[in-house]
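Reader: Please take me through one part of this model closely. Keep it brisk, and give me the cut-off behind every term.

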Amino acid sequence: MQIFKSVIATAALVLSVSCSNKTNQDKTVLAVSIEPQRQILEQLAGPGFDVVTILGQGADPENFDPSTSQRLALDNADIYFPTGVLPFEKTLKESLGSNTAYVPTIGETELIYGNHGHGHGTEACGHHHEMAVDPHYWSSFEGAGNIASIMYKTLSEEYPDIKDGLTERYTQFNDSLAELRDKVSETLGKAKRRTFAVWHPSLSYFAREFALEQLPLGVEGKDLSAKALAEAIDHAKADSVEVFFFQPGIDSRQAEIMSQGIGSRLVSVNLLDYFWQDQLKLIADEIAGAQ
Ligand SMILES: [Zn+2]
């Protein structure tokens with residue numbers, strides 16, 4: 001509950017300066033790191049707020065360097081809700097003005113460590129690294145629910161005047177989240193194979209949530225040698241992989257060659273899409289072979 005305590009500690013400060021943090025339309029500005037967080041925050045906060053996303057469209061969250069204007073956008077925000085696990089957020093936190101509260105949205109999510117390679121890890125440097133955190137917790141119902149929970153608690157403390165509408169919207173959010181989760185769970189219940197391939201392990205939390213097996217075949221930030229490519233194809237074939245999730249613009253185009261070699265269905269997904277629920281539903285449908 002360390003995070004929650006720091007929220008309470010900063011609440012008084014934020015309230016005392018919040019009148020300066022307004023846009024032309026007199027809306028209070030809030031900031032998030034990624035689009036799925038914006039979708040959740042907009043639903044909860046309602047019409048009196050403007051929500052700004054720091055990560056640019058199509059940018060790779062794990063190798064992102066915010067521009068000066070993106071940094072400045074944060075100065076107008078009452079609260080910045082980072083994911084708490086992305087490298088660029090550490091830089092932003094250091095330059096954050098005292099008018100902006102910093103509230104990570106991990107909440108109760110149990111983070112996954114050690115299965116998330118970045119191509120600059122242990123094997124290249126020859127010395128031991130701390131096990132890297134897998135940041136992709138937002139791509140799961142549990143993660144999304146915890147993001148909403150942190151946002152709800154924070155908003156109710158900072159803006160007590162919107163509490164009634166906020167609580168109603170939070171209840172609606174949780175109801176629709178539970179409904180979709182049930183649907184996805186039912187869909188995945190029909191899946192004959194529980195293993196799927198990805199270039200980059202961006203679905204570890206989703207896999208944990210539904211007892212699926214994610215097979216990451218690529219290396220972030222670089223292409224594979226012909227030998228490594230052939231080995232990955234053999235591995236996937238041995239596991240009878242039928243579906244391969246690919247994030248255009250982030251994952252290597254080698255995923256296409258690899259998927260052809262495996263004979264799998266290559267499915268484009270965008271796990272940083274504003275409509276993240278549609279993406280999770282699509283992934284479940286594809287795993288279950290329902291399309
Ligand atoms: Zn990643």
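Author: What follows takes the sheet and its helices, then the salt bridges.

The model is predicted: local features need pLDDT of at least 70, side-chain atom pairs count only at pLDDT 80 or more, and totals for chains, interfaces and linings use all residues. Residues are numbered from 1 along each chain as its sequence is written, and side-chain values use heavy atoms, with hydrogens and water left out.

Start with the sheet. It is open, with 4 strands in the order β8-β7-β9-β10, and the pairing is parallel. Strands (E, at least two residues) and helices (H or I, at least four) are DSSP runs, numbered from the N terminus. Two strands pair if DSSP finds at least two bridges between them. The edges belong to β8 (213-216) and β10 (265-268). Each has a single partner strand, so one side of each lacks a neighbour in the sheet. On average, neighbouring strands are turned by 30 degrees against each other, direction ignored. Angles run from 0 to 180 degrees between N-to-C directions, with axes fitted to C-alpha atoms, for helices over the stretch in contact.

Now β9 (residues 243-246). Its parallel pairing with β10 spans 4 bridges. In one of them, Phe 244 has Leu 266 of β10 as its partner.

Two helices meet these strands. Helix α10 (residues 254-262) lies across β9 and β10, at about 175 degrees to β9. Helix α11 (residues 276-287) packs on the sheet and touches β7 (195-198), β9 and β10. The direction of α11 makes about 160 degrees with that of β9. Contact means heavy atoms within 4.5 Å.

Next, the charges. The structure holds 10 salt bridges. Each needs a side-chain nitrogen of Lys or Arg within 4 Å of a carboxyl oxygen of Asp or Glu.

Helix α9 (residues 226-238) holds both Glu 231 and Lys 227. Their side chains meet in a salt bridge at 3.2 Å, N to O. Why can they be placed about one helical turn apart? Because they are 4 residues apart in α9. Glu 231 is partly exposed, at 45% relative accessible area, while Lys 227 is exposed at 60%. Buried means under 20%, exposed over 50%, partly exposed in between (1.4 Å probe, protein chains only).

Shared partners also join Glu 35, Arg 38 and Glu 42 into one network of salt bridges. Within it, Glu 42 and Arg 38 meet at 2.9 Å, N to O. Both lie in helix α2 (residues 35-45), 4 residues apart. Glu 42 is partly exposed, at 28%.
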